[in-house]
Amino acid sequence: MVKIFIGGLPDNIQEMDLAIWVSLHGRVETIKVVRDRTTGKCKGYAFLEIYSLPDAKNIVSTLNGETFKGNVITVKISEDESGAKTPRPKTNPHPNPNFKSKRPRLQR
């Protein structure tokens, strides 16, 4: 699976409209339209999982810069080209091993 990012979406976008539009150029596995929790409106972008790298490259090359529902769309492959997440180094929030967090005192 290859993840792609699609930006510039209108706030009233429906997943099915996006799926139909993108699937003309490659096999779409999953769609996640990012929405505002309170209003339910699209925040302007979505992530799609595409079946194969050739399909993802075809989608990016044909749809990037195109107009969709009146907006110019940005399409790019997210993460690295294989779709695998790059490992991030683990960081310790408290580098001092002797650090002990204290509970806050209650005000009386």
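Predicted model: local features only at pLDDT ≥ 70, side-chain atom pairs only at ≥ 80, totals over all residues.
User: Which residues of helix α2 are buried?

Analyst: In α2, which spans residues 53-63, the buried residues are A56, I59, V60 and L63. Buried means a relative accessible area under 20%.

User: Why are these residues said to lie on the same side of α2?

Analyst: They cover an arc of only 95° around the axis, so they sit on the same side of α2. An α-helix has 3.6 residues a turn, so residues three or four places apart point the same way.

User: What does the face of α2 turned away from its buried side carry?

Analyst: That face carries P54 and S61, which are exposed. Exposed means over 50% relative accessible area.

User: What do the buried residues of α2 pack against?

Analyst: They pack against β1 (2-7), α1 (15-23), β3 (42-50) and β6 (74-77). Just after α2, G65 takes a positive phi of about 90°.

User: Which residues of α1 are buried, and what covers them?

Analyst: L18, A19, W21 and V22 are the buried residues of α1. Their cover includes β1, β2, β3, α2 and β4.

User: What makes E15 and R35 a salt bridge?

Analyst: The closest N and O atoms of E15 and R35 are 3.2 Å apart. The cut-off is within 4 Å, for a side-chain nitrogen of Lys or Arg and a carboxyl oxygen of Asp or Glu, so the pair counts as a salt bridge. E15 lies in helix α1 and R35 in strand β2 (residues 28-35), so the pair ties together parts 20 residues apart in sequence.

User: Why is E15 called partly exposed?

Analyst: E15 has a relative accessible area of 32%. Buried is under 20% and exposed is over 50%, so E15 falls in between and is partly exposed. R35, at 26% relative accessibility, also counts as partly exposed.

User: How do you know that D17 and K69 form a salt bridge?

Analyst: Their side chains meet at 2.8 Å, N to O. That is within 4 Å, so the label applies. D17 lies in helix α1 and K69 in the loop between β4 (67-68) and β5 (71-72), so this pair ties together parts 52 residues apart in sequence. D17 is partly exposed at 30% relative accessible area, and K69 is partly exposed at 46%.

User: How many salt bridges does the structure hold?

Analyst: The structure holds 3 salt bridges. One of them joins E29 and R27, whose closest N and O atoms are 3.0 Å apart. E29 is partly exposed, with a relative accessible area of 33%, and R27 counts as partly exposed at 45% relative accessibility.

User: What ring does R27 lie over?

Analyst: R27 lies over the face of Y51, at 4.0 Å from the ring centre. The distance cut-off for a charge over a ring is within 6 Å, and 4.0 Å meets that part.

User: Why is the pair of Y45 and F47 called edge-to-face?

Analyst: The ring centres are 6.0 Å apart, and rings pair if their centres lie within 6.5 Å. The planes stand at 85°, and planes over 60 degrees apart count as edge-to-face, so the pair takes that name. Y45 counts as partly exposed at 28% relative accessibility, and F47 does at 31%.

User: Which residues form an aromatic cluster with F5?

Analyst: F5 forms one aromatic cluster with Y45 and F47. A search of the whole structure finds 4 aromatic pairs.

Technical notes:
Residues numbered from 1 in each chain as written. Heavy atoms only, no water. Buried < 20%, exposed > 50% of the residue type's maximum accessible area, 1.4 Å probe, protein only. Helix = DSSP H or I, 4+ residues; strand = E, 2+ residues; numbered from the N terminus. Arc of directions from axis to C-beta. Contact = heavy atoms within 4.5 Å. Phe/Tyr/Trp six-rings, centres within 6.5 Å; stacked < 30°, edge-to-face > 60°. Lys NZ or Arg CZ within 6 Å of the ring centre and 35° of its normal.
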